[in-house]
Amino acid sequence: MKPNKSFFFRTQKSIVLHLFGVCFLLGTNSCTFSPIQKINLKPLKVNVDWEKRNKEAVKILQDILKIQSDRKNEILVAKYFQSVLAKEGIPSRIYSPPGKPDHANLVAVLETTNKTQEKGLILANHIDVVEADPKEWDVPPYSGIIKDGRIWGRGAIDMKGMAVMQLMAFLELKRSKIPLERKVMFLALADEESGSKYGAAYMISEYKNLFDGYGWMIGEGGIAVKGAITGNSTVFNIQYAEKGNIWLKLIAKGQSGHGSTPPNEYASLNLLNFYKEVLSIDTSIKITDETKGFFYQLGSVSNFPNSFFLKNASNPIFKPLLSGPIRKNRHLTAMTTNTKSITGLHTNEETTGYNVLNGEVVGKLDIRVLPGTDTKEYIEDIRKIAKKYSIEVVIFDEISPDSSPIDSVLFQTLANVSVSKVENSVAAPFLSPGKTDNSRFRRIGIDAYGLIPAVLEPTDLDSMHGKNENIKIENLKLGSTILFETILQLNGL
Ligand SMILES: [Zn+2]
């Protein structure tokens, strides 16, 4: 995952603080809804000693944090997992792309007991990490050291910690000898931090049939955050969707000449005017049912009057009031609008003088669109504007937005089980502006949801891709329990 540092914290805190400034007395309470349906969770038939199991989880996480799999060496983590699985009698297979033996993906499956037709569940993680500069860290980043009730090391949260939670839940299914109505796959993927070419993309293009019969996935992309709204409340942000990408290269051509006598139109001016017009279109805030649900859940753990405004985010009376706070927060803006970023503006000026108008100028645009937006139509609209300025548009990359339903049994069960484990908590549907591997699996028909089921504090979030990454030991236990119990509930116990 490529997280925005403190994303959840800043987003949630910001909206609440800003709404403080828009307290108006309005007489009506509009129709409100929670996106989470209350499920009566069934009592568990198995009793797991998670305290004991967590000692095992801690050892496994420490061991794999010691493996320096920073964009490489995933094979060593995969082989470690393979040996753990083998001890429990669970076969697994490692898949590496040709010529890339160190980038390894591991697949292990627990089959159904009586060949039912229920769709299977994939527990997906990635076993590569980003780099760590030891000079910035208080502890060696590949030590797996335990200090202050936490395990420290690159990948402790993103995402070896979750890989271990998933592994513990997976092992427990086998150990408990529970009859399975759905097959369950443990899927450890390579190369996520570098674009997934040797990980999810490779597995889907070369071994798509492995995923036949699976309908659900739990991966990364969301997280639980404590204390961002009021006091001790916790929000489990469950990712259900990701925005689409449109990456465009723009080639502006025009008359070259002398800077002292500029013509009315020339390449760099055309590109700037084009950018100005593109930035001026489609700027409205779009609040979908899922976004309403996100705000509603934040409202449910906020104090009045913020609770009132947040729960009524979709009310046309309040929408204008909400727009101000949203626009002041770049994360909320990204969640509610189609964004355009100017990521390139190259005039070749380093090789020419101050007095030269270059005949060709190149630009780059990074456009991110919300679910429900057609990327092809969007590109056509951009092309029409480009034509006015004699600009050629070249598509570098185009990925449609994707989403999974929030009324699915998996989403609702994961939300209910999570909330049942943490006092004063709620779950909320979360839209990622960036990309995870979930997106690739949604494209092959799997409903994928992102939740690292650990309760983090703002400083923990800062450590992802940053310095001093660590996870509380109790979070490992919490995550393993949530995943295991979610699977049991889905399994009909
Ligand atoms: Zn990640």
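**Exercise 1.** State which domains the domain assignment gives for the chain, and how their contact is made up.

*Solution.* Step 1. In this predicted model, the domain assignment of the chain gives domain 1, residues 34-240 together with 404-490, and domain 2, residues 244-399.

Step 2. Taken over C-alpha atoms, the centres of domain 1 and domain 2 are separated by 34 Å.

Step 3. To the contact, domain 1 contributes 15 residues and domain 2 contributes 14 residues. Two residues count as in contact here if their C-beta atoms, placed from the backbone, lie within 7 Å.

**Exercise 2.** Describe the side of domain 1 that touches domain 2, by its elements and by its residue classes.

*Solution.* Step 1. At least two residues of this side come from each of β8 (234-242) and β16 (425-432).

Step 2. β16 supplies the largest share, 6 residues.

Step 3. By class, the residues of this side of domain 1 are 12 nonpolar and 3 polar, with no charged ones.

**Exercise 3.** Characterise the packing of helix α6 against helix α11.

*Solution.* Step 1. Two packed helices are described by the angle between their axes and by the distance between the axes.

Step 2. For α6 (residues 267-280) and α11 (residues 375-388), the angle is about 145° and the axes lie 9 Å apart.

Step 3. The crossing in which α6 passes α11 is right-handed.

Step 4. On α6, the contact is made by Phe274, Glu277 and Val278, and on α11 by Ile382, Ile385 and Ala386.

Step 5. Sorted by class, the residues of this contact comprise 5 nonpolar, no polar and 1 charged.

Definitions and conventions
Residues numbered from 1 in each chain as written. Predicted model: local features only at pLDDT ≥ 70, side-chain atom pairs only at ≥ 80, totals over all residues. Domains from an automatic or database assignment. Helix = DSSP H or I, 4+ residues; strand = E, 2+ residues; numbered from the N terminus. Nonpolar A, V, L, I, M, F, W, Y, C, P; charged D, E, K, R; others polar. Axes fitted to C-alpha atoms, helices over the stretch in contact; angles between N-to-C directions. Left-handed = near helix turned anticlockwise from the far one by under 90°.
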